[in-house]
Amino acid sequence: MSPSQVIVLATPVFFLLIAVEFAWGYAKGRNTYRLNDAINSISLGMLSQISAVFTRLFRIGIYTAIYSSVALYPNEAFWTTWYGWLIALVFYDFCYYWLHRAGHESAVFWAAHVVHHQSQDYNLSTALRQTSSGALLGWIFYVPMAIAGVPPLVFGVVVLIDLLYQFWVHTEHVPKLGWFDRWFCSPSNHRVHHAVNDNYVDRNYGGILIIWDRIFGSFREEDEKCVYGTRSPLNSWDPLWSNAEVYWALAKDSWHAKNWGDKFRVWFKPPGWRPADVAAHFPKPPFDITRLERYHPPMSRTLMWFGAVQFVVLLQGVALFLWYADGLPATQSAIWLAALATGLWAVGAALQGRLTMTEVLLIEAAALATATSALGLVELHRVFKPLALCFALVFVAARARPPRVSGRFDLFLGAGLVFSLAGDVFLMFPGFFIPGLLSFLVAHLFYVALFKTDLPWFPSRRALVATLGIGALMYAVLFNGLNPVLRVAVAAYVVVIALMAAQAIGRAIVLRDRAALGVAVGAGFFMLSDALLATNRFATPLAMAPLWVLSTYYLAQILIVHNARPTAQQLQDS
């Protein structure tokens with residue numbers, strides 16, 4: 001049984017214990033759960049597990065290579081005795097202590113570990129909040145086990161034991177446990193570890209044993225109320241940003257540092273260290289625990305139910321993927337990883353008010369349409385592909401309700417989506433390429449009219465020349481593969497989509513806002529998608545063509561639908 005399958009089997013136990021903790025806290029008037037925070041924490045756990053399908057191979061592969069080359073005592077008979085297992089577990093916990101400590105004392109390791117600390121709540125769901133990038137460097141700390149000769153199988157098992165043990169210590173409802181606290185990582189000891197109180201920061205790193213902290217001077221007993229989270233709050237339910245935020249901050253500081261040594265040091269100094277010139281130009285306020293506010297954007301009851309249902313559906317999808325992941329080719333696993341991660345991101349965006357519920361359904365349907373096409377699941381693809389733009393039309397119709405914006409604007413956007421939907425349907429069936437091409441040509445004409453509304457024609461001549469030039473180059477590449485009829489049709493199509501992109505870019509230059517920029521980027525992705533489709537069909541076959549064509553196509557439609565807004569003049573006139 002693979003580690004992924006073990007996690008799948010353990011998941012019902014995790015959720016049963018979470019339910020028991022919630023019920024106990026509710027009955028005692030000390031509920032430690034919020035729906036949005038719990039969904040975010042468990043979503044990060046799901047993302048960690050599906051990404052581990054790849055990072056585990058990386059970590060175990062390196063471990064096995066070192067073990068095979070330089071192991072000093074590779075005696076499996078010894079390591080599989082009861083005392084051999086015990087030694088391996090204690091050995092692993094010792095190595096884990098130093099990895100965990102590095103995760104708090106070196107910025108690049110903190111960038112991976114921070115995910116586990118971002119929750120401002122402390123409960124069993126927090127235990128499932130895990131990094132997706134920790135294995136990229138974390139393997140370094142387990143090299144001594146490989147050199148000592150601990151077999152890869154034994155190593156893999158003790159990893160799971162150590163990880164599963166740490167689940168139960170993430171609770172506020174278990175008090176101090178006397179002698180147990182002196183030897184083992186306990187709820188009291190680990191509450192200290194998750195706190196941002198001055199007296200608690202960077203303490204109690206032990207996984208199973210707390211004696212490492214007592215030996216190496218990092219132990220702190222719980223003696224005041226814990227405040228949880230990080231000193232630079234995430235303030236987001238986005239699981240992708242949760243994994244990227246510190247890496248991005250370090251990259252910016254490294255970029256802005258003038259001294260080349262500082263550019264390097266920023267990655268390895270303690271978290272929070274910044275070069276003097278960077279700190280002076282981009283100051284950050286000092287941490288003040290009295291001013292910490294819990295991140296909790298408002299949610300309607302409908303959104304709460306929607307988020308919960310979406311979470312349950314995604315959980316089933318992740319469990320199904322993990323059960324079969326080890327038998328799937330890497331390409332298929334990567335596609336499902338991308339689709340599931342997209343769904344988790346979309347639900348998080350809805351919970352913090354960045355997306356509507358309809359947009360979440362649009363994004364999920366688009367992700368599934370792309371995945372099923374890339375994997376050759378034809379019947380499922382024929383369901384999800386039209387469904388995606390149906391959700392887009394519902395979103396546009398709902399947004400057009402009173403107080404109404406310009407009716408003409410909504411009409412153009414809706415018509416562009418209707419003809420795009422027709423093109424989607426035609427292109428799903430052999431022999432309907434020309435009707436599909438014509439449908440998309442009309443859709444692009446409506447988009448041109450949409451982007452022109454209350455603005456000049458092609459405000460940026462440079463953008464017009466650039467998009468027409470790109471279109472001409474694309475047409476030259478395709479020319480020899482086209483029959484006489486298609487040469488005319490494709491030429492007309494290339495001109496129209498180039499004009500659409502030019503109008504969108506010009507609109508962004510005039511309006512100078514993020515929404516208009518999003519529309520312009522969407523139009524650019526439309527050109528890219530069409531170029532990939534035409535190249536694959538008429539010039540040279542592309543590897544995984546459906547994946548690239550549809551991912552860029554749906555990204556274009558989603559950016560346009562989400563960001564297309566009437567101008568200030570239209571709003572004034574409506």
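Visitor: What should be kept in mind about the model and its numbering?

Guide: This is a predicted model, in which local features need pLDDT of at least 70 and side-chain atom pairs count only at pLDDT 80 or more, while totals for chains, interfaces and linings use all residues. Residues are numbered from 1 along each chain as its sequence is written, and side-chain values use heavy atoms, with hydrogens and water left out.

Visitor: Why is Thr-126 called buried?

Guide: Buried means under 20% relative accessible area, exposed means over 50%, and partly exposed lies in between, with a 1.4 Å probe and protein chains only. Thr-126 has a relative accessible area of 1%, and therefore it counts as buried. Thr-126 lies in helix H6, residues 124-127, where helices are DSSP runs of H or I with at least four residues, and strands are runs of E with at least two, numbered from the N terminus.

Visitor: What makes the approach of Thr-126 to Asp-121 a polar contact?

Guide: A polar contact is a pair of N or O atoms within 3.5 Å; within protein, one must be able to donate a hydrogen and the other to accept it, and residues adjacent in sequence count only if both atoms are side-chain atoms. The side chain of Thr-126 reaches the backbone oxygen of Asp-121 at 3.4 Å. Setting aside residues up to four places away in sequence, Thr-126 also touches residues including His-116, His-170 and His-194, contact being heavy atoms within 4.5 Å.

Visitor: Which residues are in contact with His-190, and is His-190 buried or exposed?

Guide: Leaving aside neighbours within four places in sequence, His-190 is in contact with His-100, His-116, Tyr-122, Val-169, His-170 and Cys-185. His-190 lies in helix H11, and because its relative accessibility is 1%, it counts as buried.

Visitor: How do you know how many disulfides there are?

Guide: A disulfide is a pair of cysteine sulfur atoms within 2.5 Å, and by this rule the count comes to zero. The sulfur of Cys-95 has its closest cysteine sulfur in Cys-185, at 17 Å, which means that it is too far for a bond. For Cys-226 the closest cysteine sulfur is again in Cys-185, at 13 Å, and this too is too far for a bond. Cys-95 is buried at 4% relative accessible area, and Cys-226 is buried at 8%.

Visitor: Why is the pair Lys-176 and Glu-221 called a salt bridge?

Guide: A salt bridge is a side-chain nitrogen of Lys or Arg within 4 Å of a carboxyl oxygen of Asp or Glu, and the side chains of Lys-176 and Glu-221 meet at 3.1 Å, N to O. Lys-176 lies in the loop between helix H9 (152-165) and helix H10 (179-183), and Glu-221 in the loop between H12 and helix H13 (239-256), so the pair ties together parts that are 45 residues apart in sequence. By the salt-bridge rule the count comes to 12.

Visitor: What makes Arg-354 and Asp-238 a salt bridge, and which parts does the pair tie together?

Guide: The closest N and O atoms of Arg-354 and Asp-238 are 3.6 Å apart, and the two residues form a salt bridge. Arg-354 lies in the loop between helix H17 (330-351) and helix H18 (357-374) and Asp-238 in the loop between H12 and H13, so the pair ties together parts that are 116 residues apart in sequence. Arg-354 is partly exposed at 41% relative accessible area, whereas Asp-238, at 8%, counts as buried.

Visitor: Where do Arg-265 and Asp-262 lie?

Guide: Both lie in helix H14 (residues 260-265), three residues apart, about one turn of the helix.

Visitor: Why is Asp-202 called partly exposed?

Guide: Asp-202 has a relative accessibility of 27%, and therefore counts as partly exposed. Asp-202 lies in the loop between helix H11 (187-194) and helix H12 (211-216), and has a positive phi of about 60° although it is not a glycine.

Visitor: What is said of Asp-454?

Guide: Phi of Asp-454 is near 60°, a positive value in a residue other than glycine. Asp-454 is placed in the loop between helix H21 (433-452) and helix H22 (461-478), and is partly exposed, with a relative accessible area of 39%.
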